[in-house]
Amino acid sequence: MTTGAPPPTQPARPRRSRVLRFLPLGLAAWLVLEIWLLTVVAGATSGLTVFLLLVGGLVLGSFVIKRAGRRAFKNLSEAVQQQQRGVAAAPDSGGGSALTMLGGLFLILPGLISDAVGLLLLVPPLQKVLSRSAERAFERKVRAAAAAAPGGLGDAFQQARMQHPGGKVVQGEVIREDGPSASSPPGPARGPEDPQLPR
């Protein structure tokens, strides 16, 4: 016999954060500012100068991303080799591979502001400060998620595992009657393999 709760109602849509709400407006403003700055530079110098700046950013960004990718792959292969030998992996002193790649991506994007941001992300002291602040923000989010879950982080993972995309989860419990009960009709004893017929 199974008992089930009614299907859960659709939860209210969570409110979008302010960052997500104003992100399209910020991207549009950034794009307009980039175009305006490129026209100012082209008016002050020439169109060829702007073209050379954009091509230089593309080449430099590609080089930076390629170099950071090679360094990350080398660090990963060294860590795997140290794990296989049973040696404790040394802490990553360089760090900033992701920030270096992000800086290269900003350099590839056409525009002078994105090039300036990309060059700033390549500065090692700034990379250390940004990586520390990103780690702290990530730890805060994990702690907040663990505190918000009713039974802790394990329950949150269990709930996420129970949810199937596009499917419904019906919560309930199964009650199994192993022995004879008062409601069962008298008759020959049934074995555990005998199926019960529906009434």
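Of the 199 residues of the protein, 12% count as buried, where buried means under 20% relative accessible area, exposed over 50% and partly exposed in between (1.4 Å probe, protein chains only). The model is predicted: local features need pLDDT of at least 70, side-chain atom pairs count only at pLDDT 80 or more, and totals for chains, interfaces and linings use all residues. Residues are numbered from 1 along each chain as its sequence is written, and side-chain values use heavy atoms, with hydrogens and water left out.

**Overall**
- The secondary structure comes to six helices and two strands, in the order β-α-α-α-α-α-α-β along the sequence; helices (H or I, at least four residues) and strands (E, at least two) are DSSP runs, numbered from the N terminus.
- Among contacts with a separation of 6 or more, 61% join residues 24 or more positions apart, a contact being heavy atoms within 4.5 Å.

**Helix α1**
- Helix α1 (residues 18–44) has 27 residues and reaches 38 Å from first C-alpha to last, close to the 39 Å expected at 1.5 Å a residue; the expected span is 1.5 Å times one less than the number of residues.
- A kink of about 35° in α1 is centred on Pro24, the bend being the angle between axes fitted to the seven residues ending there and the seven starting there.
- Glu34 lies in α1 and is buried, with a relative accessible area of 4%.
- Leaving aside neighbours within four places in sequence, Glu34 is in contact with Pro110, Gly111, Leu112, Ile113 and Ser114.

**Helix α2**
- Val59 lies in helix α2 (residues 47–85) and is exposed, with a relative accessible area of 52%.
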